[in-house]
Amino acid sequence: MTDDSSLRQRTGTLVLAAIGVVFGDIGTSPLYTIREAFGPAYGLSASDANVLGILSLVFWSLTLIVTLKYVLVVMRADNRGEGGIMSLMALAQRGLPVAASAGYVVGVLGIFGAALFFGDAVITPAISVLSAVEGLEVLAPSLQRYVVPVTIAVLVGLFMLQKRGTARVGSLFGPITVVWFAVIALFGALAIAETPRVLAALSPAPALHFVWAHGSHAFFVLGAVVLAVTGAEALYADMGHFGKRPIQLGWMMVFPALVLNYFGQGALLLDHPSAAANPFYRLVPGWALVPTIVLATAATVVASQAVISGAFSLSRQAMQLGYLPRMKVVHTSEHEIGQIYLPWINRALLVVVIGLVLGFKNSSALASAYGVSVTGTMLITTGILYLVVTEVWRKRGVAVDLLFAALLALDVAFFGANIIKLADGAWVPVALGLVVFTLMRTWRRGQELLANARARDGLKRETFIASLRRQPPLRASGTAIFLSADPRGVPLALRHNLKHNQVLHARNVFLTVETLPVPRCDPDERALVEDLGDGFLGVRLRFGFMEQPNVVAALAAGVVPGLDYDPMHTTFFASRESVVATRRPGMALWRERLFALMQRNATPATESFGVSGNRLVELGTQVEI
């Protein structure tokens with residue numbers, strides 16, 4: 001097999017897997033978007049003008065927000081292959097002056113956008129699977145009591161599948177999703193063939209007429225139209241899993257299928273306005289209803305997969321950038337570094353999703369809660385992307401300003417139309433987002449206070465080594481590696497070891513692990529080494545925020561010049577810090593206690609760094625913040 005054919009085969013496989021994971025969310029929106037637009041919340045009749053107006057708004061929203069903004073513009077802002085709002089935030093901060101106030105603002109906005117994405121990650125599985133299983137009510141109203149139990153069973157099965165990995169799940173779901181898009185496109189095309197006048201909605205004129213005719217009420221209706229573009233942020237967040245090109249190629253296949261189905265539902269409503277109660281399933285021929293319900297349920301499982309994969313990626317990025325405590329990360333692929341599984345995040349998402357299903361009970365109620373987190377993240381993405389384009393890429397001018405002004409106007413309109421639904425349930429994802437935001441900001445600030453406390457009680461290396469020359473301690477053979485968060489100070493583990501054991505090793509290494517604001521560190525930048533004399537080395541090992549910082553593997557690979565690493569004659573030392581909250585200036589006392597709780601339950605750094613317990617000595621200490 002030639003290299004070109006092998007590349008094409010691999011790209012085709014990634015496109016299929018991307019369709020099976022990335023496009024699930026946006027691909028199942030036809031289940032409820034048109035239904036909600038003509039639902040009781042907005043009071044619209046299914047008149048010809050209203051139907052064509054809604055369809056035109058949906059079509060141009062997909063074109064401008066998904067195709068133009070995300071597929072063509074946002075996905076160009078890859079941070080060495082990685083996407084998502086945290087990656088975009090890191091990319092923007094690299095282009096801003098050090099200690100610039102804009103960098104702080106970008107950091108806060110990026111964290112809040114990521115927190116809102118987590119709100120989306122719990123609503124998408126709930127509303128998608130519920131809307132599919134509700135097809136049972138169309139089949140037989142008496143089956144309504146089974147909707148919630150069946151939904152929960154499907155969701156539990158989905159989250160149990162996650163440990164198999166994104167690639168395997170994508171390969172499993174990819175063919176299902178391809179069939180899904182083919183089927184909904186076919187049903188839509190058949191309806192359009194019977195009522196071709198629905199194609200008038202391809203023009204923006206019906207949308208403009210709808211806005212003119214309904215005035216401010218048209219603004220509120222955008223709260224339903226936005227359901228058609230939910231999942232666009234997942235395209236960007238999942239870019240590290242599959243790559244930019246496979247996702248772009250996949251959208252070229254998905255977009256026509258979505259348009260055909262939306263327009264097919266519109267054609268049905270033009271002839272049968274009473275079908276507005278559930279136009280998706282009313283579009284399906286009676287003989288195909290049961291298979292379509294089964295297929296839709298499978299497809300909504302895929303929709304959930306898109307945001308779950310994105311949540312895993314964002315969580316790992318947040319951990320490496322210092323915004324979340326360390327958690328266990330399972331790599332599920334030997335070939336794709338971005339394919340990971342986080343057990344704790346998976347369990348937390350499952351619990352919250354089931355809570356939403358039990359609390360809201362139907363997809364229409366959840367639709368009122370949907371949209372705020374999605375549009376909030378979209379709005380923040382546009383703002384940060386503008387900084388990347390102008391400050392990092394140095395592309396400025398009237399054309400850039402006009403493009404982003406248009407994108408920002410769209411985002412503001414959609415966000416405003418959804419924020420007014422707070423009392424109707426939209427407070428749920430906002431509250432979830434605020435909880436996640438608080439956790440992330442508390443962890444970040446707590447780490448800063450912890451670093452200040454270490455520096456306050458610390459000792460400079462030069463002073464320490466000079467004191468050893470005056471009173472040399474006993475030296476044992478071998479190498480001691482002391483893990484330290486401070487690249488200039490003396491590790492507490494070393495001070496405690498010398499105090500209690502009265503001995504030093506022949507060679508001592510001060511090792512600090514640093515995370516760079518890039519996905520992967522270049523090999524020639526991996527290690528910075530400083531010879532401190534008298535058998536001491538200062539080493540800074542550097543990793544990108546999408547890399548697993550395996551210290552032992554890096555040392556064994558010989559990345560540190562001058563250090564002949566022998567695992568049988570090397571001992572790692574680390575201090576296990578117990579944080580004590582005080583009333584000193586820093587954070588509110590409740591936040592300090594929250595940080596202490598998070599710190600106690602975080603995965604130890606030594607475990608994340610690949611240090612085995614039989615070569616590790618841990619010394620405990622208390623640190624007041």
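In the predicted model, helix H11 (residues 216-225) packs against helix H20 (residues 398-419) at an angle of about 90°, and their axes lie 8 Å apart. Helices (H or I, at least four residues) and strands (E, at least two) are DSSP runs, numbered from the N terminus. Axes are lines fitted to C-alpha atoms, for helices over the stretch in contact, and angles run from 0 to 180 degrees between N-to-C directions. H11 is therefore roughly perpendicular to H20; angles of 65 to 115 degrees fall in this class, whereas those under 35 count as roughly parallel, those over 145 as roughly antiparallel and the rest as oblique. Phe219, Phe220, Leu222, Gly223 and Val225 of H11 form the contact with Ala413, Phe414, Gly416, Ala417 and Asn418 of H20, contact meaning heavy atoms within 4.5 Å. Seven residues of the contact of H11 with H20 are nonpolar, three are polar and none is charged. In this division Ala, Val, Leu, Ile, Met, Phe, Trp, Tyr, Cys and Pro count as nonpolar, Asp, Glu, Lys and Arg as charged, and the others, Gly among them, as polar.

The model is a prediction in which local features need pLDDT of at least 70 and side-chain atom pairs count only at pLDDT 80 or more, while totals for chains, interfaces and linings use all residues. Residues are numbered from 1 along each chain as its sequence is written, and side-chain values use heavy atoms, with hydrogens and water left out.

Helix H20 also packs with helix H4 (residues 48-73), here at an angle of about 125° and with the axes 12 Å apart. H4 is thus oblique to H20. The crossing of H4 and H20 is left-handed, a term that applies if the near helix is turned anticlockwise from the far one by less than a right angle, right-handed being the clockwise case. On H4 the contact involves Ser61, Leu64, Ile65, Leu68, Lys69 and Val73, and on H20 it involves Leu403, Leu407, Leu410, Asp411 and Phe414. The contact of H4 with H20 comprises eight nonpolar residues, one polar residue and two charged residues.

Val412 is a further residue of helix H20. Its relative accessibility of 45% makes Val412 partly exposed, the class between buried (under 20% relative accessible area) and exposed (over 50%), with a 1.4 Å probe and protein chains only.

Thr390 belongs to helix H19 (residues 372-392) and is buried, at 5% relative accessibility. Leaving aside residues up to four places away in sequence, Thr390 touches Lys395, Arg396 and Val400. Arg394 lies in the loop between H19 and H20. With a relative accessible area of 52%, Arg394 is exposed. Most residues other than glycine have a negative phi. Arg394, although not a glycine, has a positive phi of about 60°.

Pro125, Val129, Leu130 and Val133 of H6 are in contact with Val147, Val150, Thr151, Val154 and Leu155 of H8. The contact of H6 with H8 divides into eight nonpolar residues, one polar residue and no charged residues. Apart from residues up to four places away in sequence, Val108 touches Phe437 and Arg441. Val108 and Trp212 are 104 residues apart in sequence, with a C-alpha to C-alpha distance of 38 Å.

Among the strands, E4 (residues 503-516) contains Asn508, which is buried at 1% relative accessibility. A polar atom of the Asn508 side chain lies 2.9 Å from the backbone oxygen of His505. With residues up to four places away in sequence not counted, Asn508 touches Arg475, Ala480, Phe482, Gly535, Phe536 and Leu537. Asp534 is located in the loop between strand E5 (527-533) and strand E6 (536-544). Asp534 has a positive phi of about 55° although it is not a glycine, and at a relative accessible area of 39% Asp534 is partly exposed.

Methods: A polar contact is a pair of N or O atoms within 3.5 Å; within protein, one must be able to donate a hydrogen and the other to accept it, and residues adjacent in sequence count only if both atoms are side-chain atoms.
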